[in-house]
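Please keep the sequence and the model in view while reading.

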Amino acid sequence: MNAVRESLESNPIEILTSPSDDCPFRRCDGTGFIWIKDWSKRHEKNVVDEWKEECECYDRLIKQREIDKKLDLSGIPPIFKEATVRSFRTDIYQQTDSRERAIVARKAAINYVTNFEVMQENGKGLYLYSDVKGSGKTRLAVSIANALVGQHGVDIAFIKSMDLISQVRKTFKNDSELTESEVVESYRKVGLLVVDDLAIKGASEFEERIFYDITDYRLEHNKPTLFTSNVSIDSLEDFYPGGRVGKRIKKMSLEIYMPEESIRDQEADNENNDFEKILFGN
């Protein structure tokens with residue numbers, strides 16, 4: 001006990017927090033705070049002898065929580081929450097021309113994120129398209145959005161084109177808590193909008209009006225938008241006969257031609273092989 005008493009007298013300040021790998025600096029337990037006790041004051045009345053201080057990781061932790069919150073509210077499918085531009089695989093494509101297009105698309109995505117301030121100032125987005133479904137369009141678009149949230153703190157919204165129309169139609173019900181203008185306004189004003197699977201075959205005047213309202217506002221207010229589609233911008237007139245939607249999208253986005261090869265089945269096979277090893281492995 002004498003040794004303990006002598007130790008406390010010479011060094012009365014004790015760190016009560018156990019360092020954890022959850023802290024990038026291994027100073028706290030991942031909470032962002034370090035608990036400290038001053039044993040020299042343990043017998044003094046009305047004196048604080050135990051307190052907490054912010055760890056070096058606190059600001060980073062708060063920023064990550066803000067990023068996570070934005071991603072949770074974005075509507076991005078959970079399967080893509082961890083998708084990144086740099087982890088976008090180009091070697092998974094079997095055809096040579098597909099790999100070449102994927103490499104170009106990945107480079108463009110990286111450069112878009114790197115130069116986002118310029119793109120944002122001019123309201124420029126991207127239009128990722130290929131005729132084949134499952135070619136990686138959505139995955140790459142979401143990867144860009146994830147990066148922009150993490151690096152620039154951008155508020156984002158992800159929506160499939162048909163789901164957007166469905167949301168608007170639901171406002172026509174008597175028990176709807178939202179109005180059409182409120183739904184449309186949220187997609188008009190969000191910092192970055194990702195519209196997935198754009199191009200509704202034989203879109204009605206109503207559907208065309210909704211997309212016109214959104215794209216027109218975003219064009220005029222320099223709001224960048226990412227689109228994915230199975231058709232080129234020039235072909236949008238076949239889907240939106242009025243021509244107003246296509247013209248605005250052409251003005252507000254740069255086209256990126258994605259591979260004409262589906263990798264969805266291959267990814268599914270690779271994933272299933274891993275689970276089969278769990279089920280049937282030794």
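The model is predicted.

Three strands make up an open sheet, arranged in the order 1-2-3 with antiparallel pairing. At its edges lie strand 1 (13-15) and strand 3 (50-54), each of which pairs on one side only. On average, and with direction ignored, neighbouring strands of this sheet are turned by 30 degrees against each other. In general, the strands of a sheet pair through backbone hydrogen bonds, in either a parallel or an antiparallel manner.

Strand 2 covers residues 33-38 and runs antiparallel to strand 3, to which five bridges join it. Within this pairing, Trp 35 has Lys 52 of strand 3 as its bridge partner.

Ser 135 belongs to the loop that lies between strand 4 (125-129) and helix 5 (137-152). Is Ser 135 buried or exposed? With a relative accessible area of 1%, which is under the 20% limit, Ser 135 counts as buried.

| Side chain | Partner side chain | Polar contact |
|---|---|---|
| Ser 135 | Ser 130 | 2.7 Å |
| Ser 135 | Lys 137 | 3.2 Å |

When neighbours within four places in sequence are left aside, Ser 135 is in contact with Tyr 93, Ser 130, Met 258, Pro 259, Glu 261, Ser 262 and Ile 263.

Definitions and conventions. Residues are numbered from 1 along each chain as its sequence is written. This is a predicted model: local features need pLDDT of at least 70, side-chain atom pairs count only at pLDDT 80 or more; totals for chains, interfaces and linings use all residues. Side-chain values use heavy atoms; hydrogens and water are left out. Two strands pair if DSSP finds at least two bridges between them. Helices (H or I, at least four residues) and strands (E, at least two) are DSSP runs, numbered from the N terminus. Axes are lines fitted to C-alpha atoms, for helices over the stretch in contact, and angles run from 0 to 180 degrees between N-to-C directions. Buried means under 20% relative accessible area, exposed over 50%, partly exposed in between (1.4 Å probe, protein chains only). A polar contact is a pair of N or O atoms within 3.5 Å; within protein, one must be able to donate a hydrogen and the other to accept it, and residues adjacent in sequence count only if both atoms are side-chain atoms. Contact means heavy atoms within 4.5 Å.
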